[in-house]
Amino acid sequence: MLIGEVARRSGVSARMLRHYESLGLLRPSGRTGSGYREYSGEDIRRIFHIESLRSLGLSLREIGRALDDPGFTPSALVDDLIRQTRERIAAETELLARLRRIDAAEPAGWEDVLQAVAFLQALGSKSAAARQRAALSSVDEVPVPVEALVEAVLRETEPNVAGALRWALARSGDGGTALLAEGLGSPVAAVRERAVRSLAEMPGDEATARLRDVLANPDAVVRGHAALALGTRGVADAVPALIDLIVEGRNDTDAADALSMLSSDTATADQIATRLVDRLAHDTTDAPARVRLTQALADIPGSTAADALVELSHDGNRAVALTAAYLLQLRDAR
């Protein structure tokens, strides 16, 4: 079979067949009387073997080894191809994500595109200072890719940089709220905490609604951050979670302050005082927790809290009784 017929049947151009021959990959079995290359059935099979191996990503040099070395074992080469393919997919995926972020920022011209590229590079810098500068400059200087900000804040471990990223997110609009909420479902506890802390600094009703949902989250740390944020926003649904923080001794001072802020009217103040008293009645053996609950009554206005402190001043636990008596003196002095 002559080269033109081989090219037509195999789908490999005559030029490529000659290239294979120049590399020693393919040797036509014969020549016609006129000197034209003549390919046998075995040659045709070798062409298909070459093309099959090329489809796996092997170089022509690797293909030559695979076909001509009787002792060649493919396992190491296939493992290497798997590694290379994974690296290539990761690089392409990262490029696609970067392009999508730039597109989401809706650049008006090439200058905006170049600024966005520089911003994304700075966010991925190994230098914490560079990442922080990028976050602080994002609002005024660059069309902000919100998705990139969210990804950056969820992976950031440097406290100052994380604070700058949360600040930038809070000023970037509502686009980051849903993305942060997705971060709450991460299997990594640190990522969930970063997500809720960022969500707590997002303004607006949507962020408040997302934080309300977080009160049912199974992660106690995440629930606690949400409750503290909701308390400062005047959301009474956070009261049970805030009391849990006081009992557990986590951010208990902030939780007590949030309860005080929520006690803006008599009815709510009495409800909060009642809940605190109920927990005091149930937590009878944990002395430190009972002291913290007693201290939380200090800034709750109204007769319910005052009456509870009077009763607690005679409590069997001396620390609780002394704390309650001291708090009563402070209330009387006001």
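This is a predicted model: local features need pLDDT of at least 70, side-chain atom pairs count only at pLDDT 80 or more; totals for chains, interfaces and linings use all residues.
User: At what angle do helix H8 and helix H11 pack, and are they oblique or roughly perpendicular to each other?

Analyst: Two packed helices are described by the angle between their axes and the distance between the axes. For H8 (residues 146–155) and H11 (residues 189–200), the axes are 8 Å apart and the angle is about 125°. Angles of 65 to 115 degrees count as roughly perpendicular, and H8 and H11 are therefore oblique.

User: Which residues of H8 meet H11, and how many of the residues in this contact are nonpolar?

Analyst: On the side of H11, the contact involves Val-191, Arg-194, Ala-195 and Ser-198. H8 contributes Val-153, Leu-154 and Arg-155. By class, the contact of H8 with H11 has two charged residues, one polar residue and, as the number asked for, four nonpolar residues.

User: Which side chain forms a polar contact with that of His-225?

Analyst: His-225 belongs to helix H13, which spans residues 220–232. Leaving aside neighbours within four places in sequence, His-225 is in contact with Val-196, Arg-197 and Glu-193. A polar contact of 3.1 Å joins the His-225 side chain to that of Glu-193.

User: Which parts of the chain does the salt bridge between Glu-21 and Arg-37 tie together?

Analyst: Side chains of opposite charge can pair when their charged atoms come close. The side chains of Glu-21 and Arg-37 meet in a salt bridge with an N to O distance of 2.5 Å.

User: How far apart are the axes of helix H14 and helix H17?

Analyst: H14 covers residues 239–248 and H17 covers residues 287–296. Their packing angle is about 135°, which makes H14 oblique to H17. The distance between the axes is 7 Å.

User: Is the crossing of H14 and H15 left-handed or right-handed, and how many charged residues does the contact hold?

Analyst: H14 and H15 (residues 252–262) pack at about 145°, with axes 8 Å apart, and the crossing is left-handed. Among the residues that make the contact are Leu-242 and Ile-246 of H14 and Asp-252 and Leu-259 of H15. The residues of this contact divide into ten nonpolar, no polar and, for the charged class, one.

Key:
Residues are numbered from 1 along each chain as its sequence is written. Side-chain values use heavy atoms; hydrogens and water are left out. Axes are lines fitted to C-alpha atoms, for helices over the stretch in contact, and angles run from 0 to 180 degrees between N-to-C directions. Helices (H or I, at least four residues) and strands (E, at least two) are DSSP runs, numbered from the N terminus. Angles under 35 degrees count as roughly parallel, over 145 as roughly antiparallel, 65 to 115 as roughly perpendicular and the rest as oblique. Contact means heavy atoms within 4.5 Å. Ala, Val, Leu, Ile, Met, Phe, Trp, Tyr, Cys and Pro count as nonpolar, Asp, Glu, Lys and Arg as charged, and the others, Gly among them, as polar. A polar contact is a pair of N or O atoms within 3.5 Å; within protein, one must be able to donate a hydrogen and the other to accept it, and residues adjacent in sequence count only if both atoms are side-chain atoms. A salt bridge is a side-chain nitrogen of Lys or Arg within 4 Å of a carboxyl oxygen of Asp or Glu. A crossing is left-handed if the near helix is turned anticlockwise from the far one by less than a right angle, and right-handed if clockwise.
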